Amino acid sequence: MKDKLVNNPLQLKSLNHISIVCRSLEKSLHFYRNVLGFFPIRRPGSFDFDGAWLFSYGIGIHLLQSEDPENMPKIRQINPKDNHISFQCENMTTVEKILKDMKIEYEKRRVQEGVIYIDQIFFHDPDGFMIEICNCEVLPVIPLAGEAIHSCSLMNCNIQQEQKKQIQQAVPRKTNTSTPNMHLQEDYLHCA
């Protein structure tokens, strides 16, 4: 039986924040402020636990001091297939240079999709939460349609009609010389 696609059943508007439990609130605050460029914002005074709220790039990060920091999972090897949050940047070379200067261990990857190359850099925050920096904006966002949607529905790959309209309106209509044969195709991307 095929899942019926429902157009925004919860009437969501945007991503608000992610919460991250940390061993040391002080170290995590330093990292998110001085490495990723977030700034502290007011947090409700009624909270009876340590934490900090930060904001930038249209999203919030809520840091929560672990109640048992010694028993938090150990930092593992960098694995691009692990849970992570991704940020786009203006210049990948600059990101890499700054990470080297800060002595932050990272791993580089490159993904090719036709004539498009997506560069990625992965690294951890002080607690092992993965951060990705990429130039992912070079890859067009193209909704799946037809049979591609049905084959993806088993993997919760529900595509909403309203999102499709918004994406089609956002995709530039002029030809980009760096990607000469790129145009909207209904099933350009396939589920992995």
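Analyst: A disulfide here is a pair of cysteine sulfur atoms within 2.5 Å. Please keep in mind that this is a predicted model, in which local features need pLDDT of at least 70, side-chain atom pairs count only at pLDDT 80 or more, and totals for chains, interfaces and linings use all residues. Residues are numbered from 1 along each chain as its sequence is written, and side-chain values use heavy atoms, with hydrogens and water left out.

User: What makes the link of Cys-134 and Cys-136 a disulfide?

Analyst: The S to S distance between Cys-134 and Cys-136 is 2.5 Å, and a pair within 2.5 Å counts. The structure holds one disulfide. With -130° about the S-S bond, this link of Cys-134 and Cys-136 is left-handed.

User: How do you know whether Cys-134 is buried or exposed?

Analyst: Buried means under 20% relative accessible area, exposed over 50%, and partly exposed in between (1.4 Å probe, protein chains only). Cys-134 has 1% relative accessibility, so Cys-134 counts as buried.

User: Where is Cys-136 found, and what is Cys-136 in contact with?

Analyst: Cys-136 sits in the loop between S8 and helix H3 (147–152). Helices (H or I, at least four residues) and strands (E, at least two) are DSSP runs, numbered from the N terminus. Contact means heavy atoms within 4.5 Å; leaving aside neighbours within four places in sequence, Cys-136 is in contact with Gln-88 and Ile-118. The C-alpha atoms of Cys-136 and Tyr-117 are separated by 8.8 Å, and these residues are 19 residues apart along the chain.

User: What makes a set of residues a nonpolar core?

Analyst: The set consists of buried Ala, Val, Leu, Ile, Met, Phe, Trp, Tyr and Cys residues joined through side-chain atoms within 4.5 Å. The largest one here has 25 residues, and among those touching the most other members are Tyr-32, Leu-36 and Phe-87. This core draws at least three residues from each of domain 1 (15–70) and domain 2 (73–140), with bounds from an automatic or database domain assignment. Leaving aside neighbours within four places in sequence, the contacts of Leu-36 include Phe-31, Tyr-57 and Phe-123.

User: How do you know that S1 and S4 pair?

Analyst: Two strands pair if DSSP finds at least two bridges between them. Six bridges join S1 to S4, which run parallel; in S4, Leu-63 is the bridge partner of Ile-20. The open sheet of four strands has the order S1-S4-S3-S2, with mixed pairing.

User: Why are S1 and strand S2 (39–41) called edge strands?

Analyst: Each of S1 and S2 pairs on one side only.

User: And how many bridges join strand S6 to S7?

Analyst: Seven bridges join S6 (residues 107–113) to S7, and these strands run antiparallel. Glu-107 stands opposite Phe-122 in S7. Two residues lie between the strands of this hairpin, where Gly-114 takes a positive phi near 65°.
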